[in-house]
Amino acid sequence: MYPRAFAYHRAKSYPEAVSLLGELGEEAKFLAGGQSLIPLMKLRLSTPAHLVDLNFIPDTSFIRANGSLLFGAMTRHSEIAASGDAARLPILHDCAAGIADPQVRHMGTIGGSIAEADPTGDWAPVLLATGANLKTLGAAGERSLDISEFILDAYTTALQPGELITEISVPLPQPRSGGAYIALKRCAPVYASASIAVQLTLNEDHTCREAHVYLGVLGLTATRVDAAEQLLKGQAIDDQLIEGVREAVMDVAEPMSDMRGSAEYKRHAAGALAKIALQAAVRRARGEYVEVTHLYA
Ligand SMILES: Cc1cc2nc3c(=O)[nH]c(=O)nc-3n(C[C@H](O)[C@H](O)[C@H](O)COP(=O)(O)OP(=O)(O)OC[C@H]3O[C@@H](n4cnc5c(N)ncnc54)[C@H](O)[C@@H]3O)c2cc1C
């Protein structure tokens, strides 16, 4: 299907993009990679009268490391997957490299993903588990927001009308830290049926100092698994504890039955993913090189 006719505007800077959106009003939208917006427009689920293209604004796609990892909002998933700097947090590579297929990864941006706040998107649980911070620019100037206060509900963020994300910063982890992000998918180009992000830090004696555990896809927003984090804190991570984490994850998951599977199937999948992700995170925290890929079924 063809989208509704729209006017195209090419912004030369973020301030220009913000003021353009202010002038054009509610019928205008920013265009980043177009990998969520264009399909929605083609289905006429989104019918903006104006698109303000962010793709030609200089210096908006970058990855820099200086105490934290800094991503320009227009950084493509594929650039993050290929980045040596981003690989310092393997959970970021797990996420970026597993999104859809190469076409989507080469166009889709981290900023667009977070702005879309699709409950089935991959970035939210990972950025929550790593404690990311967002920089935004709007008519009222710049803001800095913790990711946990940014995603409010399914497809709903703390962005004001006409405000855009400019940067995403992820703190570099302390020594003996490791994480993993694993999703269950039916095939590469589709969104996940269930996913989990685990990021933890070990003490010198290899007990767990702190852990962050978030489920993706299984609620309207990424779901924090407090009970699993509390179970892990201060403990040696053995098979019995991992089993406890699996049960805590299954208790918290609130999946819905849909074309991707029944709620019960997804709840069990989340538990199984928790075990694999936790084991990988611990091995990475101990300094092992561990490759993680999504599961396909
Ligand atoms: C076939 C297919 C499969 C996919 N599979 C997955 C998957 O498995 N996992 C996954 O996570 N994603 C998946 N995606 C989505 C993909 O990751 C998109 O890249 C992402 O959701 C949106 O990013 P974008 O840059 O394309 O944004 P766009 O589509 O351009 O924009 C999305 C929304 O965000 C707004 N926006 C864009 N940039 C900004 C900004 N900087 N500040 C404020 N608002 C902004 C736009 O106005 C729009 O409303 C898939 C997409 C397709 C087409």
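This report looks at the ligand and the residues around it, then at some paired strands.

The model is predicted, so to speak of local features a pLDDT of at least 70 is needed, side-chain atom pairs count only at pLDDT 80 or more, and totals for chains, interfaces and linings use all residues. Residues are numbered from 1 along each chain as its sequence is written, and side-chain values use heavy atoms, leaving out hydrogens and water.

Let's start with the ligand. The table lists polar contacts, meaning pairs of N or O atoms within 3.5 Å.

| Residue | Its atom | Ligand atom | Distance |
|---|---|---|---|
| Gln35 | backbone N or O | oxygen | 2.7 Å |
| Thr109 | polar side-chain atom | oxygen | 2.6 Å |
| Asp122 | polar side-chain atom | nitrogen | 2.6 Å |

On its own the ligand has 970 Å² of accessible area, and the protein covers 91% of that (Shrake-Rupley method, 1.4 Å probe).

Now for the strands, which pair if DSSP finds at least two bridges between them. E6 (residues 133-138) and E7 (residues 141-146) are antiparallel, with six bridges, and form a hairpin with two residues between them. Asn133 stands opposite Asp146 in E7. E6 also pairs with E10 in the antiparallel sense, over five bridges; there, Thr136 has Ile165 as its bridge partner.

Technical notes
Polar contact = N/O pair within 3.5 Å; in protein donor to acceptor, adjacent residues only side chain to side chain. Helix = DSSP H or I, 4+ residues; strand = E, 2+ residues; numbered from the N terminus.
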